[in-house]
Amino acid sequence: MEVENAEKVNLEQKKKHKGKHDKPKPWDEDPNIDRWKIEKFDPSWNPDGLLEVSSFSTIFPRYREKYLQEAWPKVKSALKEYGIAAELNLVEGSMTVSTTRKTRDPYVIIKARDLIKLLSRSVPAPQAIKILDDEMQCDIIKIGNLVRNKERSVKRRQRLVGPNSSTLKALEILTSCYILVQGNTVAAMGSFKGLKQVRRIVEDCVENKMHPVYHIKILMMKKELEKDPALKNENWDRFLPTFKKKNVQTKKVKSKEKKPYTPFPPPQQPSKIDQELESGEYFLSEKKKLAKKWEEKQEKQAQKTAENKRKREAAFVPPKEPVKQDSNKSENKEEDVAALAKSSKQKAKEFGKQKSLQNINAEEYISAPAAEQPSKRKRKSKHT
């Protein structure tokens, strides 16, 4: 027993803590405590209120003036429950929120600041008031400075919204966030996890890193993988798809060759009067100048008409015939074939007449030369 006690004392001595209060607490290993849960503020925690007045103000665009004027009573009453004073200044175009003596929650002024920011970015008042809840957070993503070209920026913003806002609705369902694309900003409301996903998707879309559709596919697969308890503590990279970006060939900008630097300025170009003095036109009268211009104009017209006429006539010029090669040889071959056909016909006629008189082989008769064959006079048959 003494040995076991000595070992325990040695183990406790080895476990030295750096800080005075850095010691294990009884609630550190309690499984019933949810450390991620945000407890609702109780006014009894701060019964005396705040010592200093804190205030925030933001400006809003002119087109939001009418809507804010109508919805301001609702906003004011929602903030009054938390002891926050709200003021709408239509002359300066600004909204101001500030703490009062009735304010108990010190963090609610930050929530009120987010509320007026969302209202200025065209978020409807009923949706913006939800930011006052402790579990609801917001993020305003600026996309105006991410792309220089305005037309390209508008196209990518439309890509984020999708046809009939289908892409935006899918993102809202998968991230459990409210998303509003307005002007050069994207306003999002939801949990910290959802806001982190939304910011990444928006920046990747505007910077042309990845299309939102691919992010939607990945999020859908993650939702399915979350349902399987066996894969809870495993890496999901092997299940998720990898999308390679296709590099589209762009037109290369031709860089102008830099001329060598010279400290001397370029020579002065001659003016119109100087050119007229050199050609002698300066001393001519107005009539002669007009006559000369008319002659030059007529010459140009004559050249143009001649060129147009030549182009029109070029369509009616017949194409050149191909050059005949070895024409003599081809003619000789045609003559030989004609003579052979004529002699074969003649021999066939003579063989038909003599067939009844003599028993002659037809192949030997045709193949034999004409000199060896017996020559007989042709009898002319008289038709009565």
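Two strands pair if DSSP finds at least two bridges between them. Strands here are DSSP E runs of at least two residues, and helices are H or I runs of at least four, both numbered from the N terminus.

## The model

This is a predicted model, where local features need pLDDT of at least 70, side-chain atom pairs count only at pLDDT 80 or more, and totals for chains, interfaces and linings use all residues. Residues are numbered from 1 along each chain as its sequence is written, and side-chain values use heavy atoms, with hydrogens and water left out.

## Strand β6 and its partners

Strand β6 covers residues 185-190. It pairs with strand β4 (residues 137-142) in the antiparallel sense, over 6 bridges. Strand β5 (residues 178-182) also runs antiparallel to β6, joined by 5 bridges. Val 186 in β6 has Ile 141 opposite it. Val 181 stands opposite Val 186 too.

Is β6 buried or exposed? Buried means under 20% relative accessible area, exposed over 50%, and partly exposed in between (1.4 Å probe, protein chains only). In β6, 6 of the 6 residues are buried, so the strand is largely enclosed by the rest of the structure. Thr 185, Ala 187 and Met 189 point one way. Val 186, Ala 188 and Gly 190 point the other way.

## Helix α6

Helix α6 spans residues 166-175. Its buried residues are Thr 167, Leu 168, Leu 171, Leu 174 and Thr 175. An α-helix has 3.6 residues a turn, so residues three or four places apart point the same way.

What covers this buried set? The cover includes α5 (150-161), β5, α7 and α8. After α6 comes Ser 176, with a positive phi near 55 degrees.

## Thr 58

Thr 58 sits in strand β1 (residues 55-59). Its relative accessibility is 19%, so Thr 58 counts as buried. Contact means heavy atoms within 4.5 Å. Leaving aside neighbours within four places in sequence, Thr 58 is in contact with Gly 93, Ser 94, Met 95, Ile 116, Lys 117 and Ser 120.
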